[in-house]
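Welcome! Take a moment to look over the sequence and the 3D view, and then we will walk through a few details together.

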2 protein chains.
Amino acid sequence: MDISHTEENYLKAIFKISERDGKPASTNAISTEMETTAASVTDMVKRLSDKTLIHYERYRGVTLTGQGEQIATHLIRKHRLWEVFLVDKLHFSWDEVHEIAEQLEHIKSQSLVERLDEYLGFPKFDPHGDPIPDSNGNFAVRKQILLSELKPGERGEVVGVQDHTTAFLQYLDRMELALGTQVEVLEYFEYDESMRVLANNGREQVLSKKVCQNLFIQKH
Amino acid sequence: MDISHTEENYLKAIFKISERDGKPASTNAISTEMETTAASVTDMVKRLSDKTLIHYERYRGVTLTGQGEQIATHLIRKHRLWEVFLVDKLHFSWDEVHEIAEQLEHIKSQSLVERLDEYLGFPKFDPHGDPIPDSNGNFAVRKQILLSELKPGERGEVVGVQDHTTAFLQYLDRMELALGTQVEVLEYFEYDESMRVLANNGREQVLSKKVCQNLFIQKH
DNA sequence: AAATAATTTTAAGCCAACCTAAAATAGTAT
DNA sequence: ATACTATTTTAGGTTGGCTTAAAATTATTT
Ligand SMILES: [Mn+2]
Ligand SMILES: [Mn+2]
Ligand SMILES: [Mn+2]
Ligand SMILES: [Mn+2]
């Protein structure tokens with residue numbers, strides 16, 4: 001069976017939504033994610049259901065079948081591997097790669113993915129700290145918490161971001177808070193839920209609530 | 001204006017045909033190249049004409065406009081750069097890369113192409129010896145002739161292939177006639193137009209007319 | 001020049017992916 | 001339970017890219 005570019009994007013959207021919400025993806029949620037109308041989604045969802053890529057019941061939402069999930073995770077694998085390529089080999093910055101990877105993830109060639117993976121040294125995480133599933137669709141798990149959950153005196157390492165917007169990524173560059181940065185919470189301000197943080201570079205700065213709630217930390 | 005994957009492939013086909021035949025591409029020639037029907041071609045050709053990517057007159061065939069040619073050569077540039085990437089970096093063999101490059105050539109990102117070019121060391125020729133146009137669409141020219149045009153006693157270097165089929169490429173691998181091989185014609189057999197050839201590796205062998213007519217040589 | 005053959009275009013229609021507007025269903029508030 | 005709101009589906013239509021069959025044009029043969 002062969003699956004279109006568009007169908008692939010729907011499967012990825014459904015995967016993302018069900019993972020985030022922990023329940024079947026609603027027509028509306030999918031239409032928001034895909035930036036299209038609910039009517040278009042209903043249309044597509046019927047086709048995907050005919051191809052047994054999803055389970056669909058009218059008014060009940062959508063979940064992926066094993067087959068659908070396999071395709072979705074494989075897309076994510078390709079997306080993230082290409083992002084690593086773009087950053088590590090072509091020296092793009094982490095805020096420039098998502099758009100390009102959105103295109104590259106649709107390239108169909110089993111051997112290409114496997115060779116790329118090898119070429120990149122079998123990375124387990126992408127430039128944003130997101131886990132790269134293996135060829136069976138298994139994601140590495142890592143016990144991570146938000147910076148906002150750290151108490152004064154606790155330390156850890158910046159390992160990922162929740163917010164993937166260009167604005168946030170560029171802000172982090174500016175503040176020298178790249179992945180791998182060691183941080184220690186020095187002080188918590190109840191007033192606006194901001195924190196004074198010490199980074200490994202000796203830099204001390206106050207980070208807003210919003211920033212703290214979008215940075216994943218591995219405690220140590 | 002934005003151009004679909006399919007439209008891009010038509011432009012590339014038209015470029016290839018007009019270059020090969022030295023005259024406007026006929027509907028039939030395009031339909032053969034695109035593996036579709038003449039009716040579909042007429043249909044598409046109207047659309048491309050509306051977009052001023054081609055000049056089209058009913059029954060008179062098709063030529064590219066400046067704009068159309070620019071897109072076509074840029075596609076060829078991307079195709080060939082990706083082929084270099086696949087061979088040089090991912091260690092694919094030269095008979096495996098065309099299909100994958102057919103997909104990769106459609107990735108849209110100006111900076112990606114330029115960075116890839118730089119990463120590969122600004123190659124001027126692809127793994128099959130075909131010239132890689134620069135970003136203005138200019139192809140390097142090289143005075144090359146077919147092996148079949150060489151006279152006994154003459155020497156040269158294998159620099160390209162006319163036939164790009166897997167069968168031929170694998171045959172060349174088997175015979176150790178990769179690009180860069182130095183060859184000298186020892187003897188010409190009028191009977192079947194074959195040649196006895198000495199390769200730089202000391203290997204001496206008789207090559208058929210068909211082989212000799214599909215190998216590009218740079219004389220010296 | 002007329003007849004025949006090849007090429008190209010037109011006509012009509014299919015499918016994927018989208019849209020808007022209206023109808024149906026489900027969820028929430030009174 | 002009824003009324004109102006939000007969500008979802010259906011109906012009907014568009015566009016790109018494709019198909020087959022028939023008509024028109026051009027090229028070749030006699
Ligand atoms: Mn991404
Ligand atoms: Mn990422
Ligand atoms: Mn190729
Ligand atoms: Mn090539």
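What spacing do the donors of the manganese ion (ligand 4) follow along the chain? They follow the pattern E-x42-D-x1-H. Before going further, please keep in mind that this is a predicted model, in which local features need pLDDT of at least 70, side-chain atom pairs count only at pLDDT 80 or more, and totals for chains, interfaces and linings use all residues. Residues are numbered from 1 along each chain as its sequence is written, chains are lettered from A and ligands numbered from 1 in the order in which they are written, and side-chain values use heavy atoms, with hydrogens and water left out.

**The manganese ion (ligand 4)**

- Its protein donors are Glu83(B) through OE, Asp126(B) through OD and His128(B) through ND1, at 2.2 to 2.3 Å.
- Donors here are N, O and S atoms within 2.8 Å of the metal (3.2 Å for Na, K and Ca), and since water is not among the atoms, sites may look incomplete.
- Glu83(B) belongs to helix α4 (residues 66-89) of chain B, while Asp126(B) sits in the loop between α6 (110-119) and β3 (145-146) of chain B, so this pair ties together parts 43 residues apart in sequence.
- Helices (H or I, at least four residues) and strands (E, at least two) are DSSP runs, numbered from the N terminus.

**The manganese ion (ligand 3)**

- This ion is coordinated by His79(B) (NE2), Glu83(B) (OE) and His98(B) (ND1), at 2.0 to 2.2 Å.
- Along the sequence, these donor residues are spaced H-x3-E-x14-H.
- His79(B) is in helix α4 of chain B and His98(B) in helix α5 (residues 98-104) of chain B, so the two tie together parts 19 residues apart in sequence.
- Glu83(B) bridges the manganese ion (ligand 3) and the manganese ion (ligand 4), which are 3.5 Å apart.

**Buried or exposed?**

- Buried means under 20% relative accessible area, exposed over 50%, and partly exposed in between (1.4 Å probe, protein chains only).
- Glu83(B) is buried at 1% relative accessibility, and Asp126(B) is buried at 5%.
- His79(B) is buried too, at 7%, whereas His98(B) is partly exposed at 39%.

**A look at chain A**

- Met44(A) lies in helix α3 (residues 38-50) of chain A, and it counts as buried at 5% relative accessibility.
- Met44(A) touches Thr6(A), Glu7(A) and Tyr10(A), leaving aside residues up to four places away in sequence; a contact means heavy atoms within 4.5 Å.
- From C-alpha to C-alpha, Met44(A) and Thr6(A) are 9.3 Å apart in space, and they are 38 residues apart in sequence.
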